[in-house]
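Okay, I'll take the pockets to begin with, then the cavity, then a few salt bridges. Here's the model on the screen.

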Amino acid sequence: ESARGGLLRAGLAFDHCDVGIVTNVAADHLGLKGIHTVEQMARVKGVVPESVFPGGYAILNADDDLVYAMRRNVDANVALFSMDENNPRIKRHSRNGGLSAIYESGYITIVKGEWKYRINKAVNIPLTFGGMATFMIQNVLPAVLAGYVQGLRLEDMRSSLETFIPSPAQTPGRMNLFNFSHFDVLVDYAHNPAGLRALQKFVDNVEAEYKVGIIAGVGDRRDDDTREIGAIASEMFDEIIIRQDKNLRGRTDTELIDLMEEGIREHNKEIKITKIPNETEAITHAIKNAKEGSLITMCSDVVPDALDLVMKFKEEEANKLYEFSKADIPNI
């Protein structure tokens, strides 16, 4: 990953690359280091595809106008991806013999000219949570293209997709779902409005009797961005716990908590809000007070600590559930 902050501070960590991917451009980190609009942010992110060797591939999101426009400034081959199999940009690119990846009739599909190859059904790819996490399907498309242009066998890509599991071991902090006996816990790093919107589409599809969200504001964002996190959370959850990041990035915890509460109350005056600034205490409160059939979604900034705590509770529950005596041991 080539982060916006690093690009602005020091440029790329390399001169050229074989493959450069841009997944999207969102209104995040605006107001910092002279970047005030999404168009300016697109110019920053455009440095990545512009660095691709002429014989390499710039892989761009054809569903995002700003990302798609980056093709004009690259010297490399261009490959496109889209969640819409009928995207006219993909159709035009294919007519010209171009390479694409699309989500077609439930399949991750590579398209080159008139030729198509279905890699796998999205429901067979654990990262997509049975096809419910659409943003994960979108992420798989450029990953498949990157593997293809680097010469990976289609069979190996299929096998890799089927065995890459969203879990603390393989994707720490990215869609880690824990099934407790009477409720579920989801840990994710979503920390901006765009990330929370993507997570919302998944949470909306999850069947749960009651949905609790643990959210926090980020200090180096605009006031409106922090209020928007609260507003989105008010649409996602039945109850919200507001905590605070360890790194306040120039703000006070009171400022950030107040801004999030403003955003929540503007959209939902009745929703239950609990303020617990310490993340460990917030997670502990949520789990110890979890309702039957509920989903607790934790948006964490210190992922290892959050995962360790959730797994500790999970282990404690397992120990209680599976206690046995000598009489339970076979052949004694």
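So, the largest pocket holds about 1,800 Å³ of space. It has 48 lining residues, and the ones closest to its centre are E1, T23, N24, K45 and N139. By pocket I mean an open set of points on a 1 Å grid over the protein atoms alone, with protein on both sides within 12 Å along at least five of seven lines, and lining residues have an atom within 4 Å of a point. Grid points are joined across faces, edges and corners, and the volume is the space filled by probe spheres set on them.

Before going on: this is a predicted model, where local features need pLDDT of at least 70 and side-chain atom pairs need 80 or more, while totals for chains, interfaces and linings use all residues. Numbering runs from 1 along each chain as its sequence is written, and side-chain values use heavy atoms, without hydrogens or water.

Helices here are DSSP runs of H or I, at least four residues, and strands are runs of E, at least two, numbered from the N terminus.

The second largest pocket is about 170 Å³. Its lining includes F180, F183, K288 and E316, and α12 (303-321) provides the largest share, four residues.

Of its 13 lining residues, A190, H191, A216, R243 and C299 are the closest to the centre.

Now salt bridges, meaning a side-chain nitrogen of Lys or Arg within 4 Å of a carboxyl oxygen of Asp or Glu. The whole structure has 12. R227 pairs with D224 at 2.9 Å, N to O; these two are three residues apart in helix α9, so about one helical turn separates them.

K272 and E239 also pair up, at 3.9 Å. K272 sits in strand β11 and E239 in strand β10, so the bridge ties together parts 33 residues apart in sequence. E239 is buried, at 8% relative accessible area, whereas K272 is partly exposed, at 47%. Buried is under 20%, exposed over 50%, partly exposed in between, with a 1.4 Å probe and protein chains only.

Terms used: On a 1 Å grid over the protein atoms alone, a cavity is a set of points where a 1.4 Å probe fits but cannot get out, and a pocket is an open set with protein on both sides within 12 Å along at least five of seven lines; lining residues have an atom within 4 Å of a point.
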